[in-house]
Amino acid sequence: MTKPLRILLYYADTGGGHRSAAQAIQKGLHIVYGDTIETTLVNGLDYAPTALRGLTDGYPIWVNYARTLYAIGFHASNRRRRVVALRNALEPLSEKAAAE
């Protein structure tokens with residue numbers, strides 16, 4: 001029997017439905033691919049720097065009561081070069097999570 005393909009799904013457990021979305025993706029993958037895959041869900045914030053983890057509690061406040069500020073921050077960081085820089089900064093953390 002062939003070894004199943006291992007898939008690691010990251011989400012941010014901030015109270016915004018990210019975990020539910022990751023669980024739905026996980027379920028869908030298993031419906032489509034069955035036993036040919038092995039999936040693991042990881043809250044990426046568990047591996048984030050302490051300052052970033054501290055922002056988790058404030059996420060619902062930002063999106064519900066400070067929408068304009070949240071939108072400015074989102075659009076300021078939603079550019080290809082900025083996403084690549086962020087990914088490069090966080091990639092070592094994902095390697096650490098994958099190793100565990």
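This is a predicted model: local features need pLDDT of at least 70, side-chain atom pairs count only at pLDDT 80 or more; totals for chains, interfaces and linings use all residues.
View 1. Helices (H or I, at least four residues) and strands (E, at least two) are DSSP runs, numbered from the N terminus. After α1 comes G34, with a positive phi near 55 degrees.

View 2. Look for T39 in strand β2 (residues 37-43). T39 counts as buried because its relative accessibility is 13%; buried means under 20% relative accessible area, exposed over 50%, and partly exposed in between (1.4 Å probe, protein chains only). The T39 side chain makes a polar contact of 2.9 Å with that of Q26 and another of 2.7 Å with that of H30. A polar contact pairs N or O atoms within 3.5 Å; within protein, one must be able to donate a hydrogen and the other to accept it, and residues adjacent in sequence count only if both atoms are side-chain atoms.

**View 3. L69 on helix α4.** Here you can find L69 in helix α4. L69 counts as exposed because its relative accessibility is 53%.

**Notes on the model.** Residues are numbered from 1 along each chain as its sequence is written, and side-chain values use heavy atoms, leaving out hydrogens and water. Local features need pLDDT of at least 70 and side-chain atom pairs count only at pLDDT 80 or more, while totals for chains, interfaces and linings use all residues.
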